[in-house]
Amino acid sequence: MSVKYNIRHWLSVADPALNKLMGFYGLNFNPIGPPVNYHGIRRPYYVKVEDALEKMYNEHRDAWEVVTDCGEYNLAHTN
């Protein structure tokens, strides 16, 4: 969907443990604010899609293949 709609940045508000868990697949986002109590402890995060996909490609190729359909979806080829 990010490619289809030319989305270049992802924002998330999540439990810090979830962000850490997503990091095992190369999808750990960068914290952009302090933890807050909102239905439990949550923290705002940000990542540039291109950076996340590059990290996945280099460190978690199996996850990258699933997310990009083996490279079929590539932000570098959209304008």
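Over which ring does the charged end of Arg-61 sit? The ring is that of Tyr-57, with the charged end 3.7 Å from its centre. The criterion is NZ of Lys or CZ of Arg within 6 Å of the ring centre and within 35 degrees of the ring normal.

This is a predicted model, in which local features need pLDDT of at least 70, side-chain atom pairs count only at pLDDT 80 or more, and totals for chains, interfaces and linings use all residues. Residues are numbered from 1 along each chain as its sequence is written, and side-chain values use heavy atoms, leaving out hydrogens and water.

Two aromatic pairs turn up in a search of the whole structure. Rings of Phe, Tyr and Trp (its six-membered ring) pair if their centres lie within 6.5 Å; planes under 30 degrees apart are stacked, over 60 edge-to-face, the rest tilted. Trp-10 and Phe-29 are stacked, at 6.2 Å centre to centre and 15 degrees between the planes. They link distant parts of the chain, 19 residues apart. Trp-10 belongs to strand β1 (residues 9-14), and Phe-29 to the loop between α1 (16-23) and β2 (30-31). Helices (H or I, at least four residues) and strands (E, at least two) are DSSP runs, numbered from the N terminus. Phe-29 is buried at 9% relative accessible area; Trp-10 is partly exposed at 21%. Buried means under 20%, exposed over 50%, partly exposed in between (1.4 Å probe, protein chains only).

Tyr-57 pairs with Trp-64: centres 4.8 Å apart and planes at 80 degrees, so the pair is edge-to-face. Tyr-57 is partly exposed, at 35%. Trp-64 is buried, at 15%.
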